[in-house]
Amino acid sequence: MTPDLGPPVDVLQPEAAPIPLVVSSPHSGHIYPPSLLAKVGLGAGHLRRLEDGCVDRLFDSAPELGAPLLRARFARAYVDPNREAFELDPDLFEDALPAHVNVSSIKARAGLGTIPSRLGGRAIYRSRLSFAEAEQRIRLAYWPYHETLQHLVGQAVATFGGALLLDCHSMPSLTANGSASRETQIDVALGDRHGRSCAPFLVERAELLLRRRGFRAARNRPYAGGFITARYGEPAAGVHAL
């Protein structure tokens, strides 16, 4: 905890008998620390476009079913836990980046790395940042999120021998120019990294349940899952991420 940020994450613990499910909401945080706002050139309304706003509220009944819900409190504009720890746009920084930084990432080059640098083609910051700033944010927010998530998944595996991690996001219904996107034809996108992060029968079951309730579901379209899905999903070890 820091005066600038406060506790980086919340965990809503199970209220019912535990089940082998962990729910993660990495992009629903809406705390914008003063140290961030002092550097940006875009207003808060623009920055909020990075959020998966209120997704944590859509899933806040998980504890009633026996599953913990982990949610970020910090805004995605501050740091994005659904990226590698050091997936950074080199143009954002005033100093040379160390060799362990992934500067060739497509996401980072598009301005959507661990520290987002652009939004809708516009630079987020008025000037470049120091690499020390990135290290501090990753230490204060990124690692606490992943340490907590690893602990929750580990608890489920220790109790049940396996676990399902449900990583929750939203998607836009309009394109950047305000027209309807093809995603308007989909209510729920089920991303399993094209079969690598989750056993097929679990995805099939989820799709069947959604369709029975009248939802339009698609697999890996338009999203197949990001870093969290890829990092934690190990079906051979009994850990499935969707």
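Colleague: Let's start with charge. How far apart are the mean positions of the positive and negative charges of the protein?

Modeller: They are 6 Å apart, with 27 positive and 25 negative charges counted. Bear in mind that this is a predicted model.

Colleague: What helices and strands does the protein have?

Modeller: There are eight helices and nine strands.

Colleague: What share of the residues counts as buried?

Modeller: Of the 242 residues, 46% do.

Colleague: What do the contacts between residues at least 6 apart in sequence look like?

Modeller: Among those contacts, 78% join residues at least 24 apart.

Colleague: Which residues have the most contacts inside the largest nonpolar core?

Modeller: Phe74, Leu88 and Leu149, in a core of 45 residues. Among the elements that each supply at least two residues of this core are strand 3 (69–72), helix 6 (131–160) and strand 9 (239–241). Helix 6 gives the most, with eleven residues. As for Leu88, the residues it touches beyond four places in sequence include Phe93, Val101, Ile115 and Phe131.

Colleague: Why does histidine 30 count as exposed?

Modeller: The cut-off for exposed is over 50% relative accessible area. Histidine 30 has 55% relative accessibility, so it counts as exposed. You'll find histidine 30 in the loop between strand 2 (21–25) and helix 1 (34–37).

Colleague: Which residues is histidine 30 in contact with, leaving aside its neighbours within four places in sequence?

Modeller: Glu51, Arg73, Phe74 and Ala75. The C-alpha atoms of histidine 30 and glycine 53 are separated by 8.0 Å, though the two are 23 residues apart along the chain.

Colleague: How do you know that threonine 229 is buried?

Modeller: Buried means under 20%. Threonine 229 has a relative accessible area of 3%, so it is buried. Threonine 229 sits in helix 8, and its contacts beyond four places in sequence include Asp167, Arg193 and Leu242.

Colleague: What joins arginine 221 and proline 222?

Modeller: A cis peptide bond, with omega at about 0°. Proline 222 lies in the loop between strand 8 (217–219) and helix 8.

Colleague: Asparagine 220 is in that loop too. Why is asparagine 220 called buried?

Modeller: Again, the cut-off is under 20%. With a relative accessible area of 17%, asparagine 220 is therefore buried. Asparagine 220 also has a positive phi of about 55°, although it is not a glycine.

Colleague: What is the phi of histidine 194?

Modeller: It is positive as well, at about 55°, and histidine 194 is not a glycine.

Colleague: Then does histidine 194 count as buried or exposed?

Modeller: Its relative accessibility is 55%, and exposed means over 50%, so histidine 194 counts as exposed. Its place is in the loop between strand 7 (188–190) and helix 7 (200–212).

Technical notes. Residues numbered from 1 in each chain as written. Predicted model: local features only at pLDDT ≥ 70, side-chain atom pairs only at ≥ 80, totals over all residues. Heavy atoms only, no water. Helix = DSSP H or I, 4+ residues; strand = E, 2+ residues; numbered from the N terminus. Buried < 20%, exposed > 50% of the residue type's maximum accessible area, 1.4 Å probe, protein only. Contact = heavy atoms within 4.5 Å. Lys, Arg positive; Asp, Glu negative; His and termini not counted. Charge placed at Lys NZ, Arg CZ, Asp CG, Glu CD. Core = buried A, V, L, I, M, F, W, Y, C linked by side-chain atoms within 4.5 Å.
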